[in-house]
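Hi,

Here is the structure I promised to pass on.

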Amino acid sequence: MDENTKKRILTGDRPTGRLHLGHYVGSLRTRAELQDAYDEIIEVADVQALTTHFEKPELIKQSILDVTIDNLSVGLDPDKVTIFQQSQIPSIAELTIFYSMIVSCNQLRHNPTIKTEAKNYGYTDLSYGFLGYPVSQTADITFCNAHLVPVGEDQLPHIELARKIVRKFNALYGTSIVEPEAKVSSTGRLSGLDGNAKMGKSLGNALYLSDTPEEIWNKVKVAVTDPAKIHLHDPGHPEVCNVYKYHCVFNKEEAPGISEQCKKGELGCVACKKRLNAVLNNLLDPMRERRAYYEQHPDEVKDILAKGNKRCNEIGNQNLAEIKEKMHILVK
Ligand code: TRP
C-alpha cells in the first residue's frame, strides 16, 4: 500500500520539555508500531505549547528539536513518517478560526481535561487561547483528514469534541472532513514510581527517554514500594506496589513470577528494583543509540522538519481551498 491508499494518523506533542515513559506508553509506542500500516503524521505542537508557556519561548524553541529527536529515538523512520511544526502550517490556523464559530464557550469550559490542566497550572481566568486549544487541536487533526489519533486517555474529551465539530461542520457546509477516532493504549495511564497517579514533568516523577542509565537507577532506587514490606523476607503485596505496576507494563513475562516471589517473601525490593532497572535500560538502550546519532546530526533533524512542513502545507492548502469553496467564501 502506498501513501495514497493508507489511512492517515495524526498525533503530536507539546514541545515544553522532553518526552518520558508516560508518553511512550500512551502514544509513542503505538506510533512506532503503526508507522508501516498508516500514513503517519506527527505534529510538534508549538502553538499549543504557547497556550501555557507563552512566557518561555526559548524553552519551546529548544524543545522543538528535543521532541523531534524523542520521536525519532523510539524508532520512527523519517522515510516513513512525516514530522512537522504546527506554527509553520497556516491552514491549521485558518481552520481553527472557522471551527471556532461553531463551538460554544460553555462546551469548552466543561471539558474535563481543560479543567484539570487549568487547576494544575493555577489558572483562574483562562486565556482565550488556552480555553480554545481543543478547537485548534481539532484543526491539527483534521487539516489533513486524519482517521486515527493515538493518544493518552486524558486526550479523549478533545477527540470527542473534534468529532462533534466535524459532524456539525460537514452538515453545515457539505464538506467531507474525516471524523477522527482516538486510539488509546491498552496499558492505560502510566503512574509515577512515587505513587502519583500520573507520570509528569511538572510532578517531578518522570523517567525521560533521554535519561542516562545512572539517572534511571537513581529514580528507580527511590521508588515507593509496599509500605508493609520492610525486610527482604517480609511477604509483600504486589497489588499496592508501584514497582510491580511497572513490571506489569514493561516486563510482562516475568511479572507473574515476580508477584509470586514477592508474596512469599523470596524477593526483596532492592533486587526487584534492579530487575526493573535492567528491563528499562534494555528498552532505552536502542533509543539512546538513535538519539546520539541525531544529536550529532542536528541539520538532519531540521531537514526532517522542513520536509514535513512542506508536505503538510501542500496537504493543508489544498484541503482549505476545498473547504473555503464549500463555505462559499471563495469569490471567483
Ligand atoms: N494535547 C496533546 C498533549 O498534550 C498534544 C497535541 C497537540 C495533540 N495536537 C495534537 C495530540 C493533535 C493529538 C493530536 O499531549
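Let me start with R14, which lies over the face of Y133, at 4.7 Å from the ring centre. By that I mean that NZ of Lys or CZ of Arg is within 6 Å of the ring centre and within 35 degrees of the ring normal.

Before going on, some housekeeping: this is a predicted model, where local features need pLDDT of at least 70 and side-chain atom pairs count only at pLDDT 80 or more, while totals for chains, interfaces and linings use all residues. Numbering runs from 1 along each chain as its sequence is written, and side-chain values use heavy atoms, with hydrogens and water left out.

R14 also turns up at the ligand: an oxygen atom of the ligand is 3.4 Å from an N or O atom in the R14 side chain. A ligand nitrogen is 2.7 Å from an N or O atom in the side chain of Q48, and a ligand nitrogen is 2.9 Å from one in the side chain of D140. Taken alone the ligand exposes 360 Å², and the protein buries 90% of that (areas by the Shrake-Rupley method with a 1.4 Å probe). There are 13 residues around the ligand (a heavy atom within 4 Å), and E43, Q48, Q137, D140 and Q155 come nearest.

Back to Y133, which ring pairs link with Y121, Y123 and F130 into a cluster. Rings of Phe, Tyr and Trp (its six-membered ring) pair if their centres lie within 6.5 Å; planes under 30 degrees apart count as stacked, over 60 as edge-to-face and the rest as tilted. The whole structure has eight aromatic pairs. In one of them, Y121 and Y123 have ring centres 5.3 Å apart and planes at 15°, so the pair is stacked. Y121 is partly exposed at 39% relative accessible area, and Y123 is also partly exposed, at 26% (buried is under 20%, exposed over 50%, partly exposed in between, with a 1.4 Å probe and protein chains only).

Helix α8 covers residues 133-142 and includes S136 (helices are DSSP runs of H or I, at least four residues, numbered from the N terminus). S136 counts as buried because its relative accessibility is 13%. What does S136 touch, not counting residues up to four places away in sequence? Q86, I92 and T96, with contact meaning heavy atoms within 4.5 Å.

Last, H328 is in the segment after α14 (298-326) and is exposed, at 71% relative accessible area.

Cheers

Terms used:
Helix = DSSP H or I, 4+ residues; strand = E, 2+ residues; numbered from the N terminus. Polar contact = N/O pair within 3.5 Å; in protein donor to acceptor, adjacent residues only side chain to side chain.
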